[in-house]
Amino acid sequence: MESVLFKGPWVAGVGEADVGVRDGRIALVGRAEAGDRYDRIIEADGCALIPGLVNCHGHAAMTLFRGIADDLPLRRWLEEKIWPLEAKLTAECVYWGSMLAMAEMIRGGTTTFTDMYFFEEETARAAEEAGMRAVLSRGLAVGPNLHNALRENRQLAEEWHQRGDGRITVQLGPHALYTCPPRQLEPILDLAAELDLALQIHVAETKEEVEESIARYGKSPVAVLEETGLFQFPVLAAHCVHVSEEDIGILARNKVHVSHNPVSNLKLGSGIAPVPQMLAAGMIVGLGTDGASSNNNLDMFLEMRMAALIHKGIANDPTLVPAGLALEMATSLGAKALFLEDVGSIEEGMKADITLIDLNQVHLSPRHDPCAAIAYAAKASDVTLVMADGRILLEEGRLTTIDEERTIYEAQRCLRALQEQL
Ligand code: NI
């Protein structure tokens, strides 16, 4: 594998430094000596070098449904628009939808993403080809298909866990308490124990979800899930918008990690998660885009900005979620939220997942505080180079692993085929 030296960027968490990459890992953070040999030297003066962004929640292939069902409440959005289309999905659709998502994510500086969906082996295949790091699960919901879905999640783990030089991690994906009641969670937890896997689940996304849980079980979704034993496993909970102080206590005590997805929560009118309170309770909170049909993009810069802005706005407190914290949520905290140990920061020995941002732009000038520039002013289109696992995936405006034109064409073709069947 090619060794690369990035000369002179501003490095997140470090300051001005050179960054050397060898054998897929960060080998130097500091000053390169004159005698150091690298296959390539990239002049990065005037750039910010940050850890590749980590997208902690999503459904990649839902890029196919971008803009197809907007301005509807979550339940109607799911029941009337999304579920009928998803019922017709094919493996091919998921492959091209996932590839489209990866092209967008790489362009926006994201090197790691999480996924919960159907035909997940197609997303795994696309991730292996695209060179991204991926944490994947088969979405599991109660119904006649649960048994098959569980079998598919097992197969996904057996075939894909730790593949692609360790870039692919498999988790189990119970969709939510309202689609996976306690009895149905039992076989899922048995499988998690057997295969030693973490789980991801949507939790307390809407007020209705919480009201329904209280009507049915006399408790919040968080309290019910704790009783099922779910939290004895490593768990990534998506959303956690409507959680009480007691719920936050339960989540913190059980070391449940959270994906905060501000744009999706705003677009679906779900509300705003009490992230400052979760962080104050010592919880690990990363950022996610959710699927492209509830966002409508996979831009982690926008998530950073939203996370940095909305909590200030609703609490009338401009000190909440400062720029540096927003960047950490999109990088190091995100990696921790996914239980990944050697990505998420620019340190010697870490995997070389790197995003380079060109600060030499009118909207980022004059240069003063790169952290604030990134959180408050930078755009996905300011990303000039992306490296994952030591391999360059984007350079000089070109994706190196994905045929972008073909991907756009195939995704359009797949959507048309799905719509014709409705
Ligand atoms: Ni989701």
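Visitor: What volume does the second largest pocket have?

Guide: Rolling a probe the size of a water molecule over the atoms shows where empty space is left. Here the second largest pocket has a volume of about 310 Å³, where a pocket is an open set of points on a 1 Å grid over the protein atoms alone, fitting a 1.4 Å probe, with protein on both sides within 12 Å along at least five of seven lines. This is a predicted model, in which local features need pLDDT of at least 70 and side-chain atom pairs pLDDT 80 or more, while totals for chains, interfaces and linings use all residues. Residues are numbered from 1 along each chain, and side-chain values use heavy atoms, without hydrogens and water.

Visitor: Which residues lie nearest the centre of the second largest pocket?

Guide: Of its 21 lining residues (an atom within 4 Å of a point), H161, Q162, T169, F339 and L340 lie nearest the centre.

Visitor: And what lines the largest pocket?

Guide: The largest pocket, with about 810 Å³ of space, is lined by 35 residues, with W83, E86, F118, A141 and H175 nearest its centre. Helix 1 gives the most to this lining, with 5 residues.

Visitor: Which residues of helix 5 are buried?

Guide: Buried means under 20% relative accessible area with a 1.4 Å probe, protein chains only, and in helix 5 this holds for L185, I188, L189, L191 and A192. Helix 5 is followed by D196, whose phi is positive, near 60°.

Definitions and conventions: Grid points are joined across faces, edges and corners, and a volume is the space filled by probe spheres set on the points. Helices (H or I, at least four residues) and strands (E, at least two) are DSSP runs, numbered from the N terminus. Buried means under 20% relative accessible area, exposed over 50%, partly exposed in between (1.4 Å probe, protein chains only).
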